Amino acid sequence: GLMAACPWCVNDRVFAGETVRMETQDQKNGRWYYMVNTPIYNPDGTMAKQTMVQDITERKLAEEEVVNSEAKYRTLIETTSEGYVMLDCAGLITAVNPSFCAMLGMEEQNLLGEPILEFMDPENQEVVRNQMAKWTSTSHRNYEFCFQRSDGTEVNVIASSTTLYGPTGELEGAFALFIDITERKRMETQLRFQAMHDPLTNLANRTLCHDRIGQALERARRRSEYYYAVLFVDLDRFKVINDTLGHAVGDQLLREVSLRIAECTRELDTVARFGGDEFIVLLEEMHSPRKAIQVVKRMRENLRKPITLAGNEVQVTGSIGIVLGPGDYQSADEVVRYANIAMHRAKGKGRDRFKVFSTKLLDHAVQLMTMETDMDNAMAVGEFYMNYQPIVRIKGGERLYGFEALVRWHHPDRGQVPPADFIPIAEETGLITDLGLWVLFESARTMASWREKYPQAKDLFLSVNVSARQFSQQDLAGKIKRILELAKMPPDRIKLEITETAIMENAAQAVVVLKRLKEMGITLSIDDFGTGYSSMSYLQKLPLDNLKIDLSFVQMLDVAPENIEIVKAIINLAHTLELEVVAEGVEKIEHQNILLALGCEYCQGYLYSHPLPKEEAEEFVARIPLLT
Ligand code: C2E
Ligand code: CA
Ligand code: CA
């Protein structure tokens, strides 16, 4: 029907998810327009409005003229783009205009005398037949149906009909007007599809996915023994591929992955792209919950097959969280949230895993959340403090080389919380950016105070750990520079320990930051070497000075003598890249002896000292002999 043009009302409705159709007149030029406003969903979940406009002034005029003047009316009928038909009481065509002939792709003489029903879509014939009975008694406006052309194609039309009476008042038949809306329909269908699908992969989007899960919950409530499953698939290390091979290749990978996931599902299942590299699969009508696990296993195998992208063979894996239905779930949102929790647990255990959601996982998630809020608070009230573990130079006689700063948290109820428990959460929540800067400031300040007090401390190095997440913050190098100035600590006595994974996860950005840090005179060390996905060619490109062998390798020395070969290989490799080597986790003098023989420069571990509170660490500094 006719609607006042009130753009903001329309926007409100469109952004609420509705398709709004309206006819509106331009006040300036007086023309009439038909508009279809459809919501579309961008891949990042934001909304936009898509508007299709059709000029319908001619039809509006025609409608008016029909009422007003018979003479004009005849001319119009000959020239207008709308189709006009005159019917007798039996529904036989008695007159047509050229546009109607064009609409059906037929000559006038082949139409005259024929029942109009014959040209209609068989599906709708019944409806139209019923309508026809009324045509001759009442007027109708704006109903839709299809004509079928002789070539088999369909013409969608909107029809209006008016009852015709003879001079003496007897019924003569009807006069009908048809507007071709085929193109409009096609566009509406397309817009509706776009509103529900992801443009990159053509998979269902977030909205459609929520809808379908909602319907599955509904069906499960009505039917017993209705099994469904929701899979949350997140690609492992997609970001690395995207950053190193470029976004175009990343897009290509996502398309390939979407095909591979879809291959493992049936027609009635829904595969959706949920965000960046996240996919959701809804499996329906399963015979048993076990079926879902079979699908997941097949999916993992399918994903793992190598893919060739821009000349590179890559292998992708996914971490998958699974929610099995029926269950006591209230909404699609809830199900997706649980699937996401399960996916994160799967990922936490390493790549290429899957995990079925259970309430136990929920408890764990709640625990994490409590920890998260506790940690925010800890920052504010000062529950974090630093420990310092001595690092010893073993080459050319043992002497104190510096300290590694290690953060500690004293929780008011739980006591000491190990960094292995809270650092990953701080990384996940982003608190690590603030915590990391605080750690640097606090330890640099402490070191600076020792330097002031003890002249022999001026050569000591302070090693500080930097997490992956810290690389994604704005201007990390600039912030570090200002913090060191504030702490009065020279950058050339600072060493930053960075894990390989941290660098690989932010490859492009990390290289830029590392170069800047290096220019400032900061020493850079690769931490936990050997535990990540060491890419030799990549390490070579980074401005590194040190390599820190992970303690797991040092401790392997006890297990079997042949493990010496592995440590030897790492040390030789480091030296080839002109990096000095620090071994951590050195607990026994035998370790030190072996490492010294292999050419390792520095050691750190319980053999020398545990990490110490600042006062005890200071005693180490005080004991350094003054060389004259
Ligand atoms: P990491 O960087 O590999 O730190 C070395 C860990 O080994 C420390 O554990 C240290 O206490 C422990 N260690 C030292 N010597 C020995 C030894 O002889 N034997 C054994 N078995 N262990 C030894 P800690 O302090 O629990 O820290 C664990 C991890 O937490 C660190 O591993 C680091 O990844 C992270 N972390 C600690 N402090 C910070 C920090 O301030 N910032 C960031 N980003 N991460 C930190
Ligand atoms: Ca470290
Ligand atoms: Ca380590």
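How far is an oxygen atom of ligand 1 from an N or O atom in the side chain of N465?

Modeller: The distance from an oxygen atom of ligand 1 to an N or O atom in the side chain of N465 is 3.2 Å, which is a polar contact (a pair of N or O atoms within 3.5 Å). This is a predicted model, in which local features need pLDDT of at least 70 and side-chain atom pairs pLDDT 80 or more, while totals for chains, interfaces and linings use all residues. Residues are numbered from 1 along each chain as its sequence is written, chains are lettered from A and ligands numbered from 1 in the order written, and side-chain values use heavy atoms, without hydrogens or water.

The side chain of R408 places an N or O atom 2.9 Å from an oxygen atom of ligand 1, and a polar side-chain atom of D527 lies 3.3 Å from an oxygen atom of the ligand. The protein covers 82% of the 800 Å² of accessible area (Shrake-Rupley method, 1.4 Å probe) that ligand 1 has on its own.

The shell around ligand 1 comprises 21 residues, each with a heavy atom within 4 Å of the ligand. Q389, R408, S467, E587 and Y606 are the closest. By type, the shell holds 9 nonpolar, 6 polar and 6 charged residues; Asp, Glu, Lys and Arg count as charged, Ala, Val, Leu, Ile, Met, Phe, Trp, Tyr, Cys and Pro as nonpolar, and the others as polar. At least two shell residues come from each of β17 (399-411), α14 (419-429), β21 (523-529) and α20, and β17 gives the largest share, 4 residues. These elements are DSSP runs (helices H or I, at least four residues; strands E, at least two).

T499, in strand β20 (residues 494-499), touches both D527 and D528, contact being heavy atoms within 4.5 Å. T499 is partly exposed, at 22% relative accessible area, that is, between the limits for buried (under 20%) and exposed (over 50%).

The calcium ion (ligand 3) is coordinated at 2.0 to 2.5 Å by D528, D550 and E584; donors are N, O and S atoms within 2.8 Å of the metal, or 3.2 Å for Na, K and Ca. D550 lies in the loop between β22 (546-549) and α20 (551-559), and E584 in strand β23 (residues 580-584), so the pair ties together parts 34 residues apart in sequence. Both D550 and E584 are buried. The calcium ion (ligand 2) is 5.5 Å from the calcium ion (ligand 3).

How values were computed: Buried means under 20% relative accessible area, exposed over 50%, partly exposed in between (1.4 Å probe, protein chains only). A polar contact is a pair of N or O atoms within 3.5 Å; within protein, one must be able to donate a hydrogen and the other to accept it, and residues adjacent in sequence count only if both atoms are side-chain atoms. Lists of a residue's contacts leave out its neighbours within four places in sequence.
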